[in-house]
Amino acid sequence: MTDAPKTWTREAAQALHDLPLMDLLFRAQTVHRENFDPNQIQTSQLLSIKTGGCAEDCAYCSQSARNGSQLSASKLIEVQRVIAEAKKAKAAGSTRFCMGAAWREPKARDMPAIIAMVEGVKALGMETCMTLGMLDDIQVKQLSDAGLDYYNHNVDTSESYYNKVITTRTFDDRLNTLARVKEAGMKVCSGGIMGMGEETQDRVDMLVTLANLDSAPESVPINMLMPQADTPLADAEPIDPIDFVRVIAVARIMMPTSYVRLSAGRSGMTDEMQAMCFFAGANSIFAGDKLLTADNPDEDSDVILFKKLGLRPETLGGQRCADAAE
Ligand code: SAM
Ligand code: DTB
Ligand code: SF4
């Protein structure tokens, strides 16, 4: 069952994807239990530290200045506000605080505040994650020196579908930043979005890219497109829920020790769909009633869902369990 190849071919990954659903889910749950406690879910909370006015043209995003979205651009928020929000997230049970900025890349003048945010949130005893766009060598060193734990930078889709979604940067730009982050010693959080009009092959190719990185990302967010008004993908055909579950299961099997995050789009999912995603091996979520700009299920409904499913939020230090199958 754990005879996973080191390097995945698209044929092997596609064959996995196309298995009868029950066979795929059984394999995914088996791999999951060999590597994690199946009833434990890591929770991260997001905060938008700089919203809107972004120079990139990502077709899914409400924050691109190039899309017609009504969202107004804001400046980088105050460090103290970030720390106050992180304290609330910690009190609500999140172990990781993820700070996101609508930038193509950070400017040198922003780095002192960014560093202060990382240091301030870490001082609360939380894990830190940032997503700020592309980084240069100086910036990865600054973030790593500040103690940043994770850097989120999604590949979003397959290499061949990439320019249907984003034209202001390339897939290779994305991979270059991921390589710099890894090289600087930070953990990588990278995944993508399902439901942007891509083919099944694009979903498989995206997972092959991620699984075949020098080491697979420690965290793999799988987002379901949340269609945003006035963006080119506002009317995209929604992905079939079972097709989404398949992607989670394939991600779990191909990246057995990574956290697979059931990310954006949970507010549009039934409890049953989320339960299937957890069974397929998703073991992380974003908690809190807001993502960056879009809605997320409120805390109460997540508490009820966890109770119904017998899930426990992971605590810091209570992480990956090598012999979880016992
Ligand atoms: N500007 C940075 C960047 O793009 O890397 C960080 C913020 S960006 C909003 C982070 C990720 O959120 C994107 O890569 C994308 O995968 C996800 N995302 C953005 N808008 C979304 C939407 N409408 N539905 C689902 N996921 C979305
Ligand atoms: C990720 O993969 N999903 C998060 C996080 N990384 C930064 C962002 C989701 C954004 C959803 C749309 C919004 O809130 O604007
Ligand atoms: Fe900018 Fe990130 Fe949105 Fe793309 S996804 S427009 S880079 S904020």
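**Exercise 1.** Find which residues of helix 10 and helix 11 meet in this predicted model, and sort the contact by class.

*Solution.* 
- Start with helix 10: here Asp 271, Gln 274, Ala 275 and Phe 278 take part.
- On the side of helix 11, their partners are Leu 305, Lys 308 and Leu 309.
- Now sort them: you get 4 nonpolar, 1 polar and 2 charged residues.

**Exercise 2.** Work out how helix 1 is oriented relative to helix 8, and list the residues that make the contact.

*Solution.* 
- Look at the axes of helix 1 (residues 10–17) and helix 8 (residues 200–211): they come within 9 Å and cross at roughly 120 degrees.
- Angles of 65 to 115 degrees would count as roughly perpendicular and those over 145 as roughly antiparallel, so helix 1 is oblique to helix 8.
- Helix 1 brings Arg 10, Ala 13, Gln 14 and His 17 to the contact, while helix 8 brings Thr 200, Gln 201, Val 204, Asp 205 and Val 208.
- By class, that contact splits into 3 nonpolar, 4 polar and 2 charged residues.

**Exercise 3.** Decide: is Thr 51 buried or exposed? Then find its side-chain polar contact.

*Solution.* 
- First, locate Thr 51: look in the loop between strand 1 (40–50) and helix 3 (79–91).
- Its relative accessibility is 17%, and the cut-off for buried is under 20%, so Thr 51 counts as buried.
- Next, its side chain makes a polar contact with the side chain of Ser 48, at 2.6 Å.

Technical notes: Residues are numbered from 1 along each chain as its sequence is written. Chains are lettered from A and ligands numbered from 1 in the order in which they are written. This is a predicted model: local features need pLDDT of at least 70, side-chain atom pairs count only at pLDDT 80 or more; totals for chains, interfaces and linings use all residues. Side-chain values use heavy atoms; hydrogens and water are left out. Contact means heavy atoms within 4.5 Å. Helices (H or I, at least four residues) and strands (E, at least two) are DSSP runs, numbered from the N terminus. Ala, Val, Leu, Ile, Met, Phe, Trp, Tyr, Cys and Pro count as nonpolar, Asp, Glu, Lys and Arg as charged, and the others, Gly among them, as polar. Buried means under 20% relative accessible area, exposed over 50%, partly exposed in between (1.4 Å probe, protein chains only). A polar contact is a pair of N or O atoms within 3.5 Å; within protein, one must be able to donate a hydrogen and the other to accept it, and residues adjacent in sequence count only if both atoms are side-chain atoms. Axes are lines fitted to C-alpha atoms, for helices over the stretch in contact, and angles run from 0 to 180 degrees between N-to-C directions. Angles under 35 degrees count as roughly parallel, over 145 as roughly antiparallel, 65 to 115 as roughly perpendicular and the rest as oblique.
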